[in-house]
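Please read the following points with the model open beside you, taking them in order.

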Amino acid sequence: MESLNFFEYSLVYNSLSFTFATMMAATLFFWLNLGSVSASYRPAMVITGLVTFIAAYHYFQMFNSFDAAYSVTNEVVSTTGKSFNVAYRYVDWLLTVPLLLIELILVMKLSKSETVRKASTLGFAAALMIVLGYPGEVADDMGTRMMWWVLSMIPFLYIVFSLFVGLKSSIASQPASAQGLVKLACTVVILSWSFYPVVYLFPYLNIEGAWVAVEIGYSIADIVAKAGFGVLIYMIARAKSEADGYTPA
Ligand code: RET
């Protein structure tokens with residue numbers, strides 16, 4: 001287990017707790033607002049809420065695992081012998097990344113066959129990216145970490161490229177009121193997703209507390225990619241519902 005000073009311990013403890021609260025609040029927001037979008041956009045909103053719900057569960061588990069791994073007396077942090085389980089993050093991504101991709105594909109409004117084709121190829125690539133990233137995340141030596149990073153980057157680049165091309169070309173077919181938002185969603189996806197492989201490389205900086213920076217970096221990326229992105233999906237769904245003549249009850 002990593003040894004932490006009190007400041008580092010507090011940063012991780014508070015960021016896990018904060019992210020858990022954000023994910024819970026986001027879930028309630030998305031599900032309680034279902035009535036403010038028309039029926040055709042409700043599946044996307046239900047999925048958005050599922051993503052943050054699954055994340056809330058995993059953050060709760062990570063928080064408990066972190067809490068059990070360290071004990072604090074008079075601001076002195078010691079390890080308890082129990083390990084902090086990093087696997088929760090990867091299991092969370094394994095479930096939520098394909099759901100986020102489906103959400104995006106639903107927003108693009110492609111033909112049925114194209115939707116199924118895109119959802120399955122991108123879903124497979126996402127699973128491969130996560131599975132290839134995990135061995136490096138838990139490896140102790142930097143060479144092994146780099147090797148899995150390179151392998152995981154192959155499906156990652158494929159996904160980001162497909163999304164970019166797909167989202168960009170769907171912009172023209174959106175109602176005028178939603179075009180700016182779809183463009184913004186496109187930028188948020190590319191930027192927030194690109195943050196993950198960068199955070200993974202933090203240990204190479206060889207600075208004290210790199211492990212803490214990784215935990216906090218992933219939490220920030222998760223808030224932007226799940227809750228922040230979800231709010232954009234909600235705004236797109238509202239704009240498109242209004243363009244379709246829907247008025248909330
Ligand atoms: C890993 C390993 C190193 C290389 C790459 C990675 C990419 C992770 C990504 C995760 C995205 C997660 C999201 C979660 C939100 O629900 C696995 C860190 C490329 C892109 C969007």
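1. A residue is called buried when its relative accessible area is under 20%, exposed when it is over 50%, and partly exposed in between, with a 1.4 Å probe and only protein chains taken into account. By that rule Val12 counts as buried, because its relative accessibility is 0%. Please keep in mind that this is a predicted model, in which local features need pLDDT of at least 70 and side-chain atom pairs count only at pLDDT 80 or more, while totals for chains, interfaces and linings use all residues. Residues are numbered from 1 along each chain as its sequence is written, and side-chain values use heavy atoms, with hydrogens and water left out.

2. Where does Val12 sit, and which residues does Val12 touch? Val12 belongs to helix H1, which covers residues 6-32; helices here are DSSP runs of H or I with at least four residues, strands are runs of E with at least two, and both are numbered from the N terminus. Once residues up to four places away in sequence are set aside, Val12 touches Phe66, Trp211, Val212 and Glu215, where a contact means heavy atoms within 4.5 Å. Val12 and Ile236, by comparison, are 224 residues apart in sequence, and their C-alpha atoms are 33 Å apart in space.

3. Stepping back to the whole protein, the secondary structure comes to 7 helices and 2 strands, and from the N terminus on the elements run α-α-β-β-α-α-α-α-α. Of the contacts with a separation of 6 or more, 76% are accounted for by residues 24 or more positions apart.

4. The overall dimensions can be checked in two ways. The C-alpha trace spans about 60 × 40 × 25 Å along its principal axes. The radius of gyration is 19 Å, which agrees with the value near 18 Å that a compact globule of 249 residues would have; this radius is taken over C-alpha atoms, and the globule rule is 2.2 Å times the number of residues to the power 0.38.

5. Of the 249 residues, 49% are buried. The accessible surface comes to about 11900 Å², and 69% of that surface belongs to carbon and sulfur atoms; such areas come from the Shrake-Rupley method with a 1.4 Å probe, and for residues only the protein chains shown count as cover.

6. How many salt bridges does a search of the whole structure find? The search finds 8, a salt bridge being a side-chain nitrogen of Lys or Arg within 4 Å of a carboxyl oxygen of Asp or Glu. One of them joins the side chains of Lys226 and Asp92, with N and O 2.8 Å apart. Because Lys226 lies in helix H7 (residues 210-243) and Asp92 in helix H3 (residues 87-108), the pair ties together parts that are 134 residues apart in sequence. Both Lys226 and Asp92 are buried.

7. The salt bridge between Lys118 and Glu114 has its closest N and O atoms 4.0 Å apart. These two residues are 4 residues apart in helix H4 (residues 112-137), and so they are separated by about one helical turn. Lys118 is buried at a relative accessible area of 15%, whereas Glu114, at 25%, is partly exposed.

8. A further salt bridge links the side chains of Glu137 and Arg145, at 2.9 Å from N to O, and both of these residues are buried. Elsewhere, salt bridges that share partners join Arg89, Asp92, Glu215, Asp222 and Lys226 into one network.

9. The loop between strand E1 (70-73) and strand E2 (76-79) deserves a careful look, and Asn74 is found there. Most residues other than glycine have a negative phi. Asn74, although not a glycine, has a positive phi of about 50°, and Glu75, in the loop between E1 and E2, likewise has a positive phi, of about 65°. Asn74 is exposed, with a relative accessible area of 73%, and Glu75 is exposed too, with 53%.

10. Is Ser38, in another loop, buried or exposed? Ser38 lies between H1 and helix H2 (42-69), and Ser38 is buried, since its relative accessible area is 8%. Leaving aside neighbours within four places in sequence, Ser38 is in contact with Ser241 and Tyr246.
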